[in-house]
Each structure stands twice: as structure tokens, then as C-alpha cells.
Amino acid sequence: MLRFFVALMLAAACTLPRAGEQAERAVAAVKELIARGELRADSVLRLRAKQGNMVSFLGRDFELQREWERRTGIVIDASVMPQLDSLEFIRSATDIDLTIARNHEYADLTEAKLIEDLTPLLRRFGFTLAEDADSGYLLPRLQAYVGDKVMAIPADFDAALLFLRQDLMDDAANRARFKERHGRELAAPRTWAEYLQLLEFFHRPKDGFYASAEPREKLTGWMYWLPRYLSAAAPYQPLFDEQMRPLVHGAAGIAATEHYAATVAFSPPQVLEDGKDYSYTLPFFIRGNAFATVLTSATAKISNRDESAVRGKFIAVPMPGQRVGDRLVRRTQIIYGNNLVVPARAPNRLLGFLFAMWLTDPDNATRSVTANGIADPYRRNHLRDERVRALYTPQALQLLQEELAIVAPSGTGLPGDAQYLAALNEHLWLAARGQLSAKEAMARTAAAWEVITDKLGRAKQIAHWQAFRKLYPTATEAAPR
């Protein structure tokens, strides 16, 4: 027994996980737990995830599920959860061994002690969250950690990217008209101001063609506002100062809100209605009825399908930014991300953890991503794998790799994140509807944030904020002339 775990630890210390090794280690650990009587041989792994996760986690034609059950003897009982944030679901769950949470939820889930700290389990079983260039997780510090604790196992990566209609930008007539109107070549935008110029140029609502397919409903506003806001200063525009006083009501927040709201004029007519998230906007792009959208790498996969009207006509391009002195600051952020967490009340927490490590092994992770569910590339080997490249296009995956240097961590990173983001979303939505000016929307957001901070404890929040700030990227570029 002791020799078994010593061998596991030595293996982890001597080499980074290769394809298959992480999975084999997880299977061996399950068998050893059964042999020791620490896990019943007839145990059931209860997995709860969103409908779109199921094919990713269980495999195409259930091949991953069947392999796990054959190798370990442990049956998987999989059930579906709502297509929403996981906080309230996990709060009430008592019989789930493994589920998912979005990156921005980690701080709240950790503060409420609703999910397991996986750091001791990684040490016990000899696992690491590899960061190597060969097959490591893309940005494990952003994907998995709260402070120095591992609170999730990465199983998805959802940084926002900008997608445009390349064929429309290549059209000779469009290029001539654009240059005559704006005095520059028609090209992907380097700045947010240039992005608005493109939206205005390509918008043809009378023809049923909309320039912007960015979501603008209430629940996800922060996802599309923050890249605009964070790029307003070098190396980034912070949400709070050193004493947790909000900064969003300053010039940077007002400008970001004005830009966020300005795209509504170039959007489909129901874009501000409740529930009209990417499931409403993305089809406009896929059907060829929109010029641009901001969403995750899944957009490339869906746009590349045979039935897509824009297959071979779209391109993923760098996120726009803002000129700050002689530098161009560009920032994106992890917006969704469906990663694996073990509920604190899990009946079989060791089993949930070991399945998470088995599933996210470099080889199994590739099988998971290519099963064509909602899990998108999240390990380095995915970006080079020909099966993944065929789904997502080589061009989009190359851009994703290049954009890693500017990816910011998700949400606010603070306990109370759900409250901070709800206040921001509400006021962004009112500004986008024209019911508040950008200045008033940000003033009200800042006031609400002050109340939240005082309620949760300013000293405690300051400590969390100082730790979270270390995760923001610092890369900038030479500003365009």
C-alpha cells in the first residue's frame, strides 16, 4: 500500500504527465482505494452537468463512460443541471460527487465552503496541474485556483475572441467604399473605436443583416464590458483601488459603457430581451446574417460545420484594445468555462476527484473535446492536434494560442462576485436600453459595489483583491500609427 503511493509521488516528481499517464494513475488509485476498503467496489459516481457537457464528459457514443466503467468497475450515474451558473445548484446538492462551475464562481463557492479544496488530493495521489508547453493546461492559475488553493480541475477554456466575416472585408467594392469613407484600408480593428467604424459600415438592417451579434441581455453583460474596460490603462484598468474603492465610475468605466451600449444600434432587434444570450445572437452569425460577434472558440467550431452559411468565410481576429501613450493595450477574459468541482458534501469525493483527473488526462481530454460537446480546447496539446484543428480551424487555434498573453482572470475574483456582477449587469442593461446615461450607470454601479464591500468586510475584501490582482496580464504592444 505504502509502496503504491510512493510510486505515484515519484512518478509525479520525475516527469510531467504525458498522454495516458494521468489517466492510468487515476485508474490505479481507484483500484487501490477499493483494495484498501476505502471505496466500495459497487460505488456509483454521480455526475451532474449541463446537457451540452454530457457528450464531452461521457464521450462520443459514451465511449469515455464505457472505458471508465470497464477499467474501474465504477458505474457513472449522469444527470442534467440547468444551463445557468452553478452556485445555487451546488448550495442545495447533497448527492453529487462531481459537477461543474464557471470560473468566476470559484470565489463565492470557496467562501461559502460549497466545494472541496483539491490541493490535498492532488498531493495525496501525486497529480499536478501541468503547465508545460507540450500538454499542460492553457492557463491553470486562471482556470483552477483561488489564491494558492486548487478549487477546480480545468475541463474547458472560454476566453472571448472576436470573429468577423473575412469574405466581406475582402470584397473589392467594400474595400473601395470603406477607404473612401474612412481614409484607411478595410481591415480587422486594432482599437475599439475602429471596431465601431466597422459595425456602422456593415450594418444593413433593411436587408436583415446586422453588424453586431454580440449578446446584450442582462445576465452576461460583464463578459462583454470588461474587455473594453480593462484595456483603458496599462497594464490594465483595475476595478478597484488599493482600498477597494470602485474605479468603474471614472472616465474608463464611462467610456467602456458608452462603447458597450453603442453596439446595440447595430444589433438584432431583440438583443436586450431577457434570455436572448448567445443562443439568440450567434445564429445570426452562423446563418450569414451578421458581420461580427464576440464569443469563445466554440464560435469557430460551430461556424466551421458543413451546415454553416459562413464556413470558409469567417476569421478569428485579435481582440481590439485602446491606445495608452505609445502602447496598445488589449485584454480579453475567461467568460464561461465549465470546469470540474467536487461539492463539499459529495458522498464519494475521492471518486469525483479521480474521475476529473482521468477525464482531463491529455489523451482523454482530446477525446472529450473532439466529441463535439461544449468543452473547448483547454490543454496545450489540443492546439496542435489535427482532430481538434479540423473542428476549430487551424487559424482560430493559432489565434487562441497568441491571445493567451492577454487573458485576464474571470469576473471580479472576489467573494461576493455574484453580487458585484449582478449590480454591474443591471446598470449596463439600463444604459444599453437608453434608460441611464453611461455616467449615471457607472455611478450607480460604484455605489452598489461600495455597499457590497462594506457588507462583506472591507479589510477581508482588500486582501482578496490584492491577491487576485496578481493574475492580470501585463503584455502590451506598440500602438498603431
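Biologist: How many bridges join strand 6 to strand 8, and which way do the two run?
Modeller: Strand 6 and strand 8 (residues 290-295) are joined by 4 bridges and run antiparallel. Strands here are DSSP E runs of at least two residues, helices are H or I runs of at least four, and both are numbered from the N terminus; two strands pair if DSSP finds at least two bridges between them. Bear in mind that this is a predicted model, in which local features need pLDDT of at least 70 and side-chain atom pairs count only at pLDDT 80 or more, while totals for chains, interfaces and linings use all residues. Residues are numbered from 1 along each chain as its sequence is written, and side-chain values use heavy atoms, with hydrogens and water left out.

Biologist: And what joins strand 6 to strand 9?
Modeller: Strand 6 is also joined to strand 9 by 4 bridges, and these two run antiparallel. L162 has V317 as its bridge partner in strand 9, and R165 has F314. L164 stands opposite I315 in strand 9 and opposite A292 in strand 8.

Biologist: What is the strand order in that sheet?
Modeller: It is an open sheet of 4 strands in the order 7-8-6-9, with mixed pairing. Strand 7 (210-212) and strand 9 (314-317) are the edge strands, each pairing on one side only. From one strand to the next, the twist averages 25 degrees, where axes are lines fitted to C-alpha atoms, for helices over the stretch in contact, and angles run from 0 to 180 degrees between N-to-C directions.

Biologist: Which helix packs on the sheet?
Modeller: That is helix 19 (residues 394-403), which touches strand 6 and strand 9 and whose direction makes about 10 degrees with that of strand 9; touching, or contact, means heavy atoms within 4.5 Å.

Biologist: Where is A160, and what does it touch?
Modeller: A160 is in the loop between strand 5 and strand 6. Its relative accessible area is 0%, so A160 counts as buried. Neighbours within four places in sequence aside, A160 is in contact with V294, L295, M319, T332, Q333 and I335. The C-alpha atoms of A160 and I334 are 6.4 Å apart, although the two residues are separated by 174 residues along the chain.

Biologist: What lies 3.1 Å from a polar atom of its side chain, then?
Modeller: The backbone nitrogen of N338 lies at that distance from a polar atom of the D156 side chain. D156 sits in the loop between strand 5 (149-150) and strand 6 (161-165), and, not counting residues up to four places away in sequence, its contacts include G337, N339 and Y378.

Note on methods: A polar contact is a pair of N or O atoms within 3.5 Å; within protein, one must be able to donate a hydrogen and the other to accept it, and residues adjacent in sequence count only if both atoms are side-chain atoms. Buried means under 20% relative accessible area, exposed over 50%, partly exposed in between (1.4 Å probe, protein chains only).
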